[in-house]
Amino acid sequence: MRDTLTGSRIRERRQIAGLRQAELARQVGISASYLNLIEHNRRRIGGKLLVDIAGALAVEPSVLTQGIEATLISALREAAADAVGQQAELDSLEEFAGRFPGWAGVLAQMHRRVVSLERTVETLSDRLTHDPHLAASMHEVLSTAAAIRSTAAILADTQEIEPEWQDRFHSNLHQDAERLAESSKSLVAYLDESDSAGDHRGVPLEDVEAFFDANGHHFPSIEESGGDAKLDLSELDSAAARSLAQDFLNVYAADVRAIPLDKLQTALAEAPLNPLQLASRFSVDLATVLRRLAALADGYLGRPTGLVVCDASGSILFSKSVPGFAMPRFGEACPLWPLFQALNRPLVPIHQRVVQLGRTAAVFDCYAYAWPQSALSYDQGPVYRSVMLVRSVEDVAQDEQAVARVGPSCRVCPHSDCRSRREPSILSEGF
């Protein structure tokens with residue numbers, strides 16, 4: 001398709017340059033009728049003639065043969081896919097981009113801006129609903145504004161007020177205004193920090209995940225000591241965050257003792273990645289293997305690798321992000337993830353290739369496993385956990401296993417009825 005549109009690009013570039021057909025034909029030494037056939041894609045062009053025409057139009061020959069860059073074509077396809085109530089002519093996409101590169105760039109830029117604004121609105125909506133710090137700050141701002149309005153209404157509506165009460169109202173109004181200014185500044189500072197900083201903090205779990213992210217989810221001192229080293233957690237702000245981090249590090253150390261790093265590296269060098277075979281080789285459960293693989297240094301497995309751990313209610317307890325696989329910071333994750341499918345079949349290993357839909361669809365291999373933790377007391381059911389290893393797929397062959405379509409969260413999941421697909425029994429039996 002790209003080659004057949006060379007003539008259209010020549011015509012577009014000629015018109016931009018303000019040249020007539022006859023003038024361009026004379027400059028390159030061909031007849032105007034032959035150039036007309038070329039511009040209507042009825043004659044193929046290459047070699048010296050292509051170079052001469054490109055020189056006359058003051059562009060690189062590749063601009064005429066390759067047209068608009070692939071990234072712009074991809075952006076236009078995304079814009080067409082996201083359009084509501086409109087059906088774009090995709091078979092004419094490259095011709096449109098070749099003939100009107102300026103308008104194509106404008107459309108792609110506008111689409112990127114809409115995508116960015118939609119993500120910002122979604123993030124703020126989820127944050128307002130689930131972020132306790134933001135909710136508290138908004139409550140403070142709104143309650144203070146209501147107090148100021150009430151005091152101002154009294155002063156405006158009451159004709160005669162005793163001087164003593166008037167002074168008191170004025171004092172209250174001044175104090176509330178100062179409090180509103182401070183709370184507004186704090187709110188703006190929090191939003192600015194949350195949007196710009198790489199580590200989103202606020203609640204203890206966010207502090208802990210930021211701590212793990214900063215270390216690449218890999219702790220050499222624990223690896224080298226065989227799981228016996230203790231880390232300094234003083235950089236964590238709260239006692240709750242330090243306690244939570246220590247719990248996760250205890251699990252990390254136990255995994256190191258179960259699967260030492262040197263033996264794991266040897267096993268991975270001897271055979272392709274197969275979590276089930278690794279679990280059998282080291283006589284451990286699959287959850288230990290998945291956590292261990294996610295803790296390897298970045299790049300060791302050849303492709304980015306992430307991890308998600310949840311409880312039986314579907315609440316995310318811990319996550320290691322992987323590029324391209326969106327994990328909601330607040331709100332519910334998509335119940336079609338293999339992570340939640342495993343909860344419906346405890347102790348059954350699940351391997352599913354998924355494509356996470358959205359602005360940029362990407363394919364991932366997901367390994368999931370749900371297991372019961374030790375019983376805490378008699379006559380009480382086990383507490384279930386589920387873990388999922390997420391590994392990006394670079395080359396997707398057509399004849400490979402089926403790919404499941406999932407969304408990053410309930411808000412944008414492509415399946416309108418996906419919320420009902422979590423088995424109620426798993427979510428309501430009090431595991």
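I began with Ser8, which is found in helix α1 (helices being DSSP runs of H or I with at least four residues, numbered from the N terminus). Ser8 counts as buried because its relative accessibility is 3%, where buried means under 20% relative accessible area, exposed over 50% and partly exposed in between, with a 1.4 Å probe and protein chains only. Leaving aside neighbours within four places in sequence, I found Ser8 in contact with Glu39, Asn41, Glu95 and Arg99, contact meaning heavy atoms within 4.5 Å.

I noted that this is a predicted model, in which local features need pLDDT of at least 70 and side-chain atom pairs count only at pLDDT 80 or more, while totals for chains, interfaces and linings use all residues. Residues are numbered from 1 along each chain as its sequence is written, and side-chain values use heavy atoms, with hydrogens and water left out.

Next I turned to helix α3 (residues 32-39), where Leu35, Ile38 and Glu39 are buried. These residues lie on the same side of α3, because they cover an arc of only 95 degrees around the axis, the arc being that of the directions from the helix axis to the C-beta atoms. Their cover includes α1 (6-17), α2 (21-28) and α4 (47-57). After α3 comes Asn41, with a positive phi near 60 degrees.

Last, I checked Trp103, which has its place in helix α8 and is exposed, with a relative accessible area of 61%.

Definitions and conventions
Helix = DSSP H or I, 4+ residues; strand = E, 2+ residues; numbered from the N terminus.
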